[in-house]
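Biologist: I would like to learn how to read this model. Could we begin with a turn and then move on to the chains?

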Number of protein chains: 2
Amino acid sequence: MPEMRRRGLLIILSSPSGAGKSTLARRLMAWDASLSFSVSATTRNPRPGEEDGREYYFRSRPEFEAMVAAGEMLEHAEVFGNLYGTPSAPVEARLAEGRDVILDIDWQGGQQVRRSRLAQDVVSIFILPPSIADLERRLRMRAQDSDEVIAGRMAKSRDEISHWGEYDYVVINRDIAASEAELVTILQAERARAVRQPGLTEFVRGLNREFEAR
Amino acid sequence: MPEMRRRGLLIILSSPSGAGKSTLARRLMAWDASLSFSVSATTRNPRPGEEDGREYYFRSRPEFEAMVAAGEMLEHAEVFGNLYGTPSAPVEARLAEGRDVILDIDWQGGQQVRRSRLAQDVVSIFILPPSIADLERRLRMRAQDSDEVIAGRMAKSRDEISHWGEYDYVVINRDIAASEAELVTILQAERARAVRQPGLTEFVRGLNREFEAR
């Protein structure tokens, strides 16, 4: 029913780092250009080359806290002394236009979004690595981090993985193309759900007018 | 994750008669031979050529009522003086084997199954006709019924259609191949749901053993 207006999906994508989540998200956006990443807000300073509204919305701590107090953050958390969060307004605007939004957040953010007023739009997907050896290999390939940094990431990964059961779907990323196909299938089916299709009400009204006219 | 054992899906397929539901169900079974129709029980007499356990389980009224009293019917209803119902045991056995079962039932049966102990296995799909003119044309093509019989069927169809909002998915059957593809997508995504994958618990246990061994 592609001609029917629908609300967008709010796609929560979580995984331990190194499981291939960013690659999969990029491939989803290549598959459907109307998909977009949500841009987070943060109180950390911009790095060289980062632009406000592109990598992050850069906000002062008082500005950020005022947004939280006003209920303008879908979720937020403090990480290493900086606040990070998802501003609601741009997400809600895109969902209302029928565009799907990807939230790249951890299990704590996921829990907050599932309890937010956008709960009905949520489709949550957890990406698992095929093995921990594989996860560690990808982490080491990606950066020349010290063993200590790697160990810290691995501990965080274990904590993240323990929350897989809170997600609607779990994809084991053994093969990137197979995982992409699985994600596409999930999104197509979720888009077909009756609850995403406000146009159905009008369609059935049309059928009823036809019954009346017989 | 095809190598993981999962529970089967309990697929409720409802539609007004003439919307193409039986054709679609047959095509789904051709797509995946492990899919099967649930065989209903009935108190009506067998017609020539009908076999007990193939078209229906033929039961006496006291036998049928005893099954209902014992909680052995997933759903049942009285239609034109005969009882019809879905015996739970064969359905539960197939779901436990990881096989998907199609229930061809109306909205009343659907409501009962959604409230049964198999609620978590349910995926409910409603098939709508593209128009009422189309529905009537297919009904007239199918049998040389009198205008009165057709009128009765159309009234029942209108009642059935009014319940579309109770279903997880709604498919407008404009084109049989497109509708089949939509159903296949729905089943593939539903099979990937975390709740259908009991094997995931064991998989994550394996990841944790790998963490321990580092």
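Modeller: Keep in mind that this is a predicted model. Start at the hairpin made by E5(B) and E6(B), with two residues between the strands. B:Phe80 sits in that turn and has a positive phi of about 45 degrees.

Biologist: How many bridges join strand E5 of chain B to E6(B), and in which sense do they run?

Modeller: Six bridges join them, and the strands run antiparallel. E5 covers residues 73–79 of chain B. One pair to find is B:Val79, whose bridge partner in E6(B) is B:Asn82.

Biologist: Which residue in E6(B) is the bridge partner of B:Thr42?

Modeller: That partner is B:Tyr84. Here strand E3 of chain B, residues 40–42, pairs with E6(B), residues 82–87. The pairing is antiparallel, over two bridges.

Biologist: Now the two chains. How do I read their relation?

Modeller: Two copies of a chain are related by a rotation about an axis and a shift along it.

Biologist: Why do the copies meet through the same surface?

Modeller: Because 100% of the interface residues of chain B are also interface residues in chain A.

Biologist: What does UniProt list for residues 8–188 of chain A?

Modeller: An unreviewed UniProt entry gives "domain: Guanylate kinase-like" for them. The span is 42% helix and 23% strand. Its end C-alpha atoms lie 12 Å apart.

Technical notes
Residues numbered from 1 in each chain as written. Chains lettered and ligands numbered in written order. Predicted model: local features only at pLDDT ≥ 70, side-chain atom pairs only at ≥ 80, totals over all residues. Heavy atoms only, no water. Pairing = 2+ DSSP bridges. Helix = DSSP H or I, 4+ residues; strand = E, 2+ residues; numbered from the N terminus. Contact = heavy atoms within 4.5 Å. UniProt positions renumbered as here; feature names shortened; annotations may be inferred.
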